[in-house]
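Please report on selected local features of this protein model, covering individual residues and the packing of helices.

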Amino acid sequence: MQHVIIPKSTLDFLKKLSIHNNREWFAQHIDEYLHAQENVVKFVDQLIVLMNYHDRIETPSGKKSLYRIYNDVRFAKDKSPYNPRFAGYLRRSKPWLRGGYYWWIKPGASQVSCGFAYPSPEDLKRIRLDIRDNEETWNKLLHLRSIKTNFGVMQGARVRTTPKGFDKDHPAIELLRYKQFWFSRSFSDDEVLSTNFLKEVNKTFKSIRPFFDYMSQVLSTNLNGEPVTITAKKNWN
C-alpha cells in the first residue's frame with residue numbers, strides 16, 4: 001500500500017478559503033488550490049485501489065469522484081462563491097451492487113458517510129416491506145459490532161406519521177418511518193492528517209458491507225425472493 005496522506009497545507013488552504021471566500025482571492029491563490037486538490041485526488045485514488053479489494057467501485061479515479069468546489073448560488077441565501085471543502089462520491093458497480101460512499105475533507109467537519117440518501121419511491125417501498133417482514137434481521141444488522149463501532153446508529157430523515165399501507169402498531173414502526181438509510185463517521189483534523197487516515201477510511205467503509213450486501217439482495221428480488229428485472233435509473237443509491 002502506498003503511503004498517502006492528507007498534508008496540513010490542504011487543510012490550511014481550506015481554512016483560508018473559508019475566511020477569504022471571494023473570487024479575487026481565489027484567483028490569486030489558484031496554484032495553492034490546485035496543489036491542495038491534487039493532494040486529495042491522490043488520496044482518493046489510493047482509497048479506490050484499497051476498496052476494490054473488498055468491493056467493486058465504478059468511479060475510475062479520485063478526480064472523477066471529486067465534487068466541484070464552486071457553490072451554486074442561484075437559489076441560495078448564502079452567496080459565497082466557494083464551498084471550502086473537498087468532497088466526493090464513490091459509486092459501486094450498478095445495478096446489482098447498491099448503496100454509495102461519500103467523503104468530506106473540511107477543517108473541523110471531516111467525515112465519511114455511506115448508505116441510501118434518496119432511494120426511489122419503488123425502492124423505498126421494497127425496503128419498507130422487507131423491514132415489515134424481517135424486523136429481526138434488520139435489528140441484527142444495525143447492531144453488528146463493526147457498524148456500531150464505526151458509525152453508531154443509523155441516521156436519515158423520517159416521516160412523522162405512519163407510512164401509507166403500513167400498520168402504525170407494527171413493532172418496527174420506528175424503522176418503517178425512515179426514508180433515508182444513512183451512516184456517518186466524523187474525523188478530527190488530527191485524524192485526517194495522520195498516517196493512519198487512509199487505512200481508517202477504508203476500514204470504515206468496509207464495515208458497512210453486510211448492510212450493503214443485504215440491501216443489494218433485497219432490491220434485486222421480490223417478496224418471494226425471486227430475482228426481478230432491474231431497469232436503468234438516473235440516480236442509483
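## Buried residues and helix packing

At 14% relative accessibility, His170 counts as buried (under 20% relative accessible area; exposed is over 50% and partly exposed lies in between, with a 1.4 Å probe and protein chains only). This is a predicted model, in which local features need pLDDT of at least 70, side-chain atom pairs count only at pLDDT 80 or more, and totals for chains, interfaces and linings use all residues. Residues are numbered from 1 along each chain as its sequence is written, and side-chain values use heavy atoms, with hydrogens and water left out.

His170 sits in the loop between helix H7 (145-151) and helix H8 (173-176). Helices (H or I, at least four residues) and strands (E, at least two) are DSSP runs, numbered from the N terminus. The side chain of His170 makes polar contacts with the backbone oxygen of Arg132 at 3.0 Å and with the backbone nitrogen of Ala172 at 2.9 Å. A polar contact is a pair of N or O atoms within 3.5 Å; within protein, one must be able to donate a hydrogen and the other to accept it, and residues adjacent in sequence count only if both atoms are side-chain atoms. Not counting residues up to four places away in sequence, His170 touches Ile131, Arg132, Glu135 and Leu176, where contact means heavy atoms within 4.5 Å.

| Residue | Relative accessible area |
|---|---|
| Gln37 | 11% |
| Ile6 | 1% |
| Asp123 | 7% |

Gln37 belongs to helix H3 (residues 30-51). Its side chain makes a polar contact with the side chain of Lys63 (3.5 Å). Leaving aside neighbours within four places in sequence, Gln37 is in contact with Lys63, Leu66 and Phe86.

Ile6 is in the segment before helix H1 (8-19). With neighbours within four places in sequence left aside, Ile6 contacts Asn39, Val40, Phe43, Val192, Leu193 and Phe197. Ile6 and Val41 are 35 residues apart in sequence, and their C-alpha atoms are 9.9 Å apart in space.

Asp123 is part of helix H5 (residues 121-133). Its C-alpha atom is separated by 6.6 Å from that of Leu219, 96 residues apart along the chain.

H3 packs against H1 at an angle of about 130 degrees, with the axes 9 Å apart. That makes H1 oblique to H3. Axes are lines fitted to C-alpha atoms, for helices over the stretch in contact, and angles run from 0 to 180 degrees between N-to-C directions. Angles under 35 degrees count as roughly parallel, over 145 as roughly antiparallel, 65 to 115 as roughly perpendicular and the rest as oblique. Ser9, Thr10, Phe13 and Lys16 in H1 meet Glu32, Tyr33, His35, Ala36, Asn39 and Val40 in H3.

H3 also packs with helix H10 (residues 197-206): the axes come within 10 Å and cross at roughly 45 degrees. This makes H3 oblique to H10. On the H3 side, Phe43, Gln46, Leu47, Leu50 and Met51 meet Phe197, Leu198, Val201, Asn202 and Phe205 in H10.

The bond from Lys94 to Pro95 is cis, with omega near 10 degrees. Pro95 lies in the loop between strand E1 (86-91) and strand E2 (100-105).
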